[in-house]
Amino acid sequence: MTYQNIETLSWIGDQHGWLRMIDQTLLPTELCEIDCREVETVWEAIKKLRVRGAPAIGIAAAYGVCIGLQTLPPNTDFKAFQKRLNDVVDYLASSRPTAVNLFWALNRMKAKAESLYETENITEISNALFTEAKVIHEEDRRICRSIGKFGQELLRDGDTFLTHCNAGGLATADYGTALAVFFAATEAGKKINVYADETRPLLQGARLTAWELLQRGIDVTLICDSMAAMVMKQGKINGVVVGADRIAANGDTANKVGTYSVAISAKTHGAPFYVAAPVSTFDLTLPNGNGIPIEERDPEEICNSFGKRTAPQGVKVYNPAFDVTPAELISAIITEHGVISPVNQENIAKIVQ
Ligand code: MRU
């Protein structure tokens, strides 16, 4: 099986079917899929990063709602249906806190159901929810292409760009956000070279981004996170593109931990720093990044990540999975509706409603 004929996420069968996904924890050595037939399996897959990346989490959660409703007995009354839907949505929302696309997708599913509540027709509502999940999935493919189209215009033939974490096809329905910019630039005939930060502690850059770029024939050089400032100082980097997990109304952007350091280095060395993200990644309820919930993960990810103990037992560990890059360090945000620059509340409001 190669990357070209495997989907990050796919639904198998009709409404009574199940969600299939690449188990990203096994990459790059094993390209395997897992089947999620229970909502608990979807929750676990999100929590454990078998599926990860903000848009992909949202799509998985939307399908997770459909899976969660499958266990209702055929003669369920409407009240019990409503309760189950709310429980399933709340449960899936508890899987990871930072990527707002998860909550965006769940709210969208809930709103679809609520728009039909007056019918009290469970079959009709369930059908509509299944269709909505598929629409969310299909929309994301188009959104990623559009982000690529707008973003590639910022890159010149021969540029070398740095990226952090994985915002590629694995993190979305297909094609990615940050990596879409590289793919589209390449398709437009530009020669693009990429430096990929390995992205401690879970190595999404090394395991996933390097793998995706190699699969698509794009020149990629892997570096440790701590080398980014040096390669910029050496003049090897023309710019940076990263994805995002949540963008506040003023443009402050949460993304994989380490992104903030990259943005500071880019500013110091005069390299443009771009964020590529769909409109669903904006959280306009937050005036700035201070209110973005930052996930803290198991210390074992740092001390014992890939089967080898690398820190003494009993050491204190702090393991935030994301950080927030202030808007003033971001040269532009690339969305499916166009490029926001300069990044400020007013310009964001023109593109994101
Ligand atoms: O912890 P992860 O792997 O889910 O973190 C992913 C990122 O930080 C991505 O950059 C972000 O979700 C954008 S994916 C298009």
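Modeller: Happy to! A cavity here is a set of points, on a 1 Å grid over the protein atoms alone, where a 1.4 Å probe fits but cannot get out, and its lining residues have an atom within 4 Å of a point. This is a predicted model, in which local features need pLDDT of at least 70 and side-chain atom pairs count only at pLDDT 80 or more, while totals for chains, interfaces and linings use all residues. Residues are numbered from 1 along each chain as its sequence is written, and side-chain values use heavy atoms, with hydrogens and water left out.

Searching the whole structure turns up 3 cavities of 30 Å³ or more. The largest cavity holds about 190 Å³ of space, where a volume is the space filled by probe spheres set on grid points, which are joined across faces, edges and corners. Its lining is made of 24 residues, and nearest the centre are Gly53, Ala54, Asn166, Asp245 and Asn255. Helix 2 (54-69) and strand 9 (253-256) are the elements that give two or more residues to this lining; helices (H or I, at least four residues) and strands (E, at least two) are DSSP runs, numbered from the N terminus. By class, the lining of the largest cavity has 11 nonpolar, 9 polar and 4 charged residues. Ala, Val, Leu, Ile, Met, Phe, Trp, Tyr, Cys and Pro count as nonpolar, Asp, Glu, Lys and Arg as charged, and the others, Gly among them, as polar.

Where does the largest cavity lie? Both domain 1 (3-144) and domain 2 (149-351) give residues to its lining, so the largest cavity lies between them. Those domain bounds come from an automatic or database domain assignment. The centres of the two domains, taken over C-alpha atoms, are 25 Å apart. Domain 1 puts 32 residues into the contact and domain 2 puts in 36 residues, with contact meaning heavy atoms within 4.5 Å.

Now for the second largest cavity, with a volume of about 90 Å³. Among the residues lining it are Pro55, Ile59, Trp104, Glu139, Asp140 and Pro278. Helix 2, helix 4 (100-114) and helix 5 each give two or more residues to this lining, and helix 5 gives the most, with 4 residues. The lining of the second largest cavity divides into 6 nonpolar, 3 polar and 2 charged residues.

Methods
1 Å grid on protein atoms, 1.4 Å probe; cavity = no way out; pocket = protein on both sides within 12 Å on 5 of 7 lines; lining within 4 Å.
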